[in-house]
Amino acid sequence: MIYPVTVYGDPILRKVAQPIQPDYPDLKEFLENMWETMYHADGVGLAAPQVGRSIRIFVIDASAGADEEPELKDFKKTFINPQILETSGEPWALEEGCLSLPEIREDITRPEVVRIRYFDEQFQEHDETYGGFAARVIQHEYDHLEGKLFIDYLSPLRRKLLRGRLGNITKGKINPNYRIVIPSR
Ligand code: NI
């Protein structure tokens with residue numbers, strides 16, 4: 001089942017999401033639906049608050065980065081109750097987009113390397129370190145669980161310039177190729 005995506009202006013995107021227990025009801029089905037929703041919207045990552053649940057889960061398919069980083073060819077992972085333990089390396093800028101900010105793309109600077117502890121879909125614990133494109137997407141999706149969006153990293157001037165477009169998103173005056181929840185209704 002494809003979920004409608006929450007967009008800028010929806011208060012759920014500003015909440016700190018809560019951890020889940022291994023017996024979370026219908027977890028398998030929820031994860032399947034998240035993947036389906038993400039692929040339908042051509043996303044590389046999706047966090048649970050973006051489909052209306054304030055819980056600590058995100059999914060990532062970073063295979064789009066395999067042209068430059070061949071090891072990402074099969075990178076398809078579920079992160080449950082993740083915790084970023086540290087970031088390191090040289091900060092670098094990359095243009096980011098977000099299914100919750102349709103039609104907005106901005107250069108965002110983030111650390112190069114991230115170490116993250118998380119549980120997979122079988123509730124096995126992992127402690128892993130990622131760099132490059134995977135680290136980029138992980139940090140973006142993790143932010144969603146902390147109530148943050150990539151526009152938070154922009155300069156006040158840049159945000160001011162985007163104000164009109166952000167307002168249009170909140171009012172639903174946009175036409176992405178996936179279904180959204182219009183916040184102001
Ligand atoms: Ni996003």
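**Helix H1, the cores and the nickel site**

In this predicted model, the cover over the buried residues of H1 includes strand E1 (5–6), strand E2 (45–47), E3 and strand E4 (76–88).

User: Which residues of H1 are buried?
Analyst: Buried here means under 20% relative accessible area. By that cut-off, the buried residues of H1 are Leu27, Phe30, Leu31, Asn33, Met34, Trp35, Thr37 and Met38.

User: Which element gives the most to the largest nonpolar core?
Analyst: The largest nonpolar core has 35 residues, and Phe30 and Met34 are among those with the most contacts inside it. Helix H1 (27–40), strand E3 (57–61) and helix H3 (156–170) each supply at least two residues of this core. The element that gives the most, with six residues, is H1.

User: What does phenylalanine 30 touch, not counting residues up to four places away in sequence?
Analyst: Phe30 is one of the buried residues of H1. Leaving out residues up to four places away in sequence, Phe30 touches Tyr3, Ala48, Val51, Arg53, Ile55 and Ile57.

User: Which residues coordinate the nickel ion?
Analyst: The donor residues are spaced C-x41-H-x3-H in sequence. At 2.1 to 2.2 Å, the nickel ion is coordinated by Cys98 (SG), His140 (NE2) and His144 (NE2).

User: How many residues apart are cysteine 98 and histidine 144?
Analyst: Both cysteine 98 and histidine 144 are buried. Cysteine 98 sits in the loop between strand E5 (92–96) and strand E6 (106–110), while histidine 144 belongs to helix H2 (residues 132–145). The pair links distant parts of the chain, and the separation is 46 residues.

Methods:
Residues numbered from 1 in each chain as written. Predicted model: local features only at pLDDT ≥ 70, side-chain atom pairs only at ≥ 80, totals over all residues. Heavy atoms only, no water. Core = buried A, V, L, I, M, F, W, Y, C linked by side-chain atoms within 4.5 Å. Buried < 20%, exposed > 50% of the residue type's maximum accessible area, 1.4 Å probe, protein only. Helix = DSSP H or I, 4+ residues; strand = E, 2+ residues; numbered from the N terminus. Contact = heavy atoms within 4.5 Å. Donors = N, O, S within 2.8 Å, 3.2 Å for Na, K, Ca; no water.
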